[in-house]
Amino acid sequence: MKIESIILREVQMRLKAPFETSFGISDHRRIILVEVVADGVSGWGEVTASETPGYNSETTDTAWHVISDFVAPSLIGKTVSAASECPGLLAAIRGHEMAKSGVENALWDAEAQITGIPLSRLLGGTLNEIASGVSLGIRENPQSLLKKVEEELRSGYQRIKLKIKPGKDLEYVAAVRREFPNILLSVDANSAYRLKDAAHLRKLDEHKLLMIEQPLNWDDIYAHSRLQAQIQTAICLDECINNARHALTAIELKACRIINIKLGRVGGHSEALHVEQLCRTYSIPVWCGGMLETGIGRAHNIAMSTLEGFTLPGDVSASRRYWNEDIIEPEVEVTSKGTIHVPKRPGIGYAVRRDRIEQLTVRTNNWSSQRTAA
Ligand code: OSB
Ligand code: MG
């Protein structure tokens with residue numbers, strides 16, 4: 001495959017409702033879409049960086065800079081035999097996994113289209129439908145959270161995850177557990193606690209949670225290993241895991257019993273495959289996390305979730321939960337059983353709505369192999 005052109009677009013989209021996590025409230029998204037043209041075929045990827053450096057250190061603007069000044073110039077005009085060669089070509093760029101992931105994943109979509117197979121199959125996935133769960137932002141009070149949980153369960157979702165932070169935790173979890181004694185329930189703190197809060201976090205044990213996601217510092221695997229030894233609830237690491245080396249460290253240190261794989265956070269499909277394989281070797285269940293993606297990022301998440309190691313419902317939900325109108329066709333839909341059908345068409349398997357993207361675009365940048373050669 002020859003990488004003939006790379007086109008960056010920043011789109012701005014309003015979320016249907018504000019989404020509150022322990023690090024802030026998001027009501028609109030500034031998202032970088034990446035189009036990579038290889039052998040005449042357009043592949044699409046999405047950069048999952050947030051607007052602020054509250055989840056990890058990347059932002060929409062750092063990703064724009066790193067792709068524009070380093071990633072795109074490293075790839076334009078190159079010929080590769082597979083998208084899996086991408087990380088090798090970008091090895092000199094430290095960190096900035098989300099920036100690299102948006103570009104690498106676009107190349108995976110192009111490769112699957114050129115090969116004429118669904119991206120899920122190119123990755124080695126086998127499932128025809130994946131299990132879907134929801135992530136619920138922090139609410140004003142437990143009553144309004146209960147109403148939301150009930151609504152999502154009625155839609156069929158198989159697992160409910162509650163965002164928590166100090167002061168908005170035990171009371172909320174207890175209320176949901178009392179009302180729904182048997183559902184798969186988990187919580188996500190996005191690094192809002194410290195090791196000295198261990199006794200407080202231990203009070204979650206009685207609620208039979210599937211997991212507590214990333215309770216401690218975003219980059220502190222060691223502290224999580226100390227906490228896991230003091231609580232029964234399984235810790236799931238999200239922010240801490242940027243690659244398979246981090247996953248191995250976490251597993252060996254017993255810092256978690258579950259890992260959330262996000263394509264952006266680990267740098268793209270190639271590294272996600274390594275993390276999945278490692279976790280399978282160690283019998284650590286994995287699931288696919290979400291970053292309030294458009295349909296393009298969602299489609300990549302669906303393809304990855306078809307791999308054998310993804311044994312828990314992910315945060316991959318219907319387009320309509322976040323958007324009035326998505327940028328793919330058809331939109332991602334969830335069945336009454338809480339599953340998503342994996343598309344059978346080549347590539348990501350959804351049509352990209354160029355007209356709508358055009359309307360939403362606020363800036364672009366592009367490279368073509370001719371320009372580099374000149
Ligand atoms: O930690 O999983 C997270 C959204 C933004 C930043 C971090 C996280 C989340 C979510 C949303 O939980 C999951 C989704 O996209 O549905
Ligand atoms: Mg998380």
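**Sheet, metal site and buried elements of a predicted model**

Gly289 lies in the loop between strand β11 (286-288) and helix α12 (295-304), where helices (H or I, at least four residues) and strands (E, at least two) are DSSP runs numbered from the N terminus. The model is a predicted one, in which local features need pLDDT of at least 70 and side-chain atom pairs count only at pLDDT 80 or more, whereas totals for chains, interfaces and linings use all residues. Residues are numbered from 1 along each chain as its sequence is written, chains are lettered from A and ligands numbered from 1 in the order in which they are written, and side-chain values use heavy atoms, with hydrogens and water left out.

With a relative accessibility of 1%, Gly289 counts as buried, a term that stands for under 20% relative accessible area, with exposed meaning over 50% and partly exposed in between (1.4 Å probe, protein chains only). Neighbours within four places in sequence left aside, Gly289 is in contact with Asn260, Ile261, Lys262, Asn301 and Asp315, contact being defined as heavy atoms within 4.5 Å. Gly289 and Gly133 are separated by 156 residues in sequence, and their C-alpha atoms are 9.8 Å apart in space. Another loop residue, Ser319, is found between α12 and β12 (328-329); this serine is buried at 0% relative accessibility, and, with neighbours within four places in sequence again left aside, Ser319 is in contact with Arg298, Asp326, Glu331 and Val332.

An open sheet of four strands has the order β3-β2-β1-β15, with antiparallel pairing, two strands being paired if DSSP finds at least two bridges between them. Strands β3 (41-47) and β15 (361-368) stand at the edges with a single partner strand each, so one side of each is left without a neighbour in the sheet. On average, and with direction ignored, neighbouring strands of this sheet are turned by 20° against each other; axes are lines fitted to C-alpha atoms, for helices over the stretch in contact, and angles run from 0 to 180 degrees between N-to-C directions. Within the sheet, β1 (residues 3-21) and β2 (residues 24-38) pair in the antiparallel sense over 14 bridges, and Phe19 stands opposite Ser26 in β2. Helix α1 (residues 60-75) lies across β1, β2, β3 and β15 and runs at about 160° to β1, while helix α3 (residues 97-115) packs on the sheet by touching β1, β2 and β3, with a direction that makes about 150° with that of β3.

The magnesium ion (ligand 2) is coordinated at 2.1 to 2.3 Å by Asp188 (OD), Glu213 (OE) and Asp238 (OD); donors are N, O and S atoms within 2.8 Å of the metal (3.2 Å for Na, K and Ca), and water is not among the atoms, so sites may look incomplete. Along the chain, the donors of this ion follow the spacing D-x24-E-x24-D. Distant parts of the chain are linked by Asp188 in strand β7 (residues 184-188) and Glu213 in strand β8 (residues 211-213), which are 25 residues apart. Both residues are buried, Asp188 with a relative accessible area of 1% and Glu213 with one of 0%.

Strand β7 is mostly covered, four of its five residues being buried. Strand β6 (residues 159-163) pairs with β7 in the parallel sense over five bridges, with Lys163 opposite Asp188 in β7, and β6, helix α6 (residues 170-179) and β7 make a right-handed β-α-β unit, in which, with the strands pointing away from the viewer, the path from the first strand over the helix to the second runs clockwise. Strands β7 and β8 run parallel and are joined by three bridges, and Asp188 stands opposite Glu213 in β8.

The largest nonpolar core holds 116 residues, of which Leu162 and Ile259 touch the most other members; such a core is a set of buried Ala, Val, Leu, Ile, Met, Phe, Trp, Tyr and Cys residues joined through side-chain atoms within 4.5 Å. Helix α3 contributes the largest share of this core, eight residues. Apart from this core lies another, of six residues, among them Met211, Ala234, Cys236 and Trp287.

Six of the eight residues of helix α8 (residues 221-228) are buried, so this helix is largely enclosed by the rest of the structure. The buried residues are Ile221, Ala223, His224, Ser225, Leu227 and Gln228, and what covers them includes α7 (198-202), β9 (235-237) and α9 (244-252).
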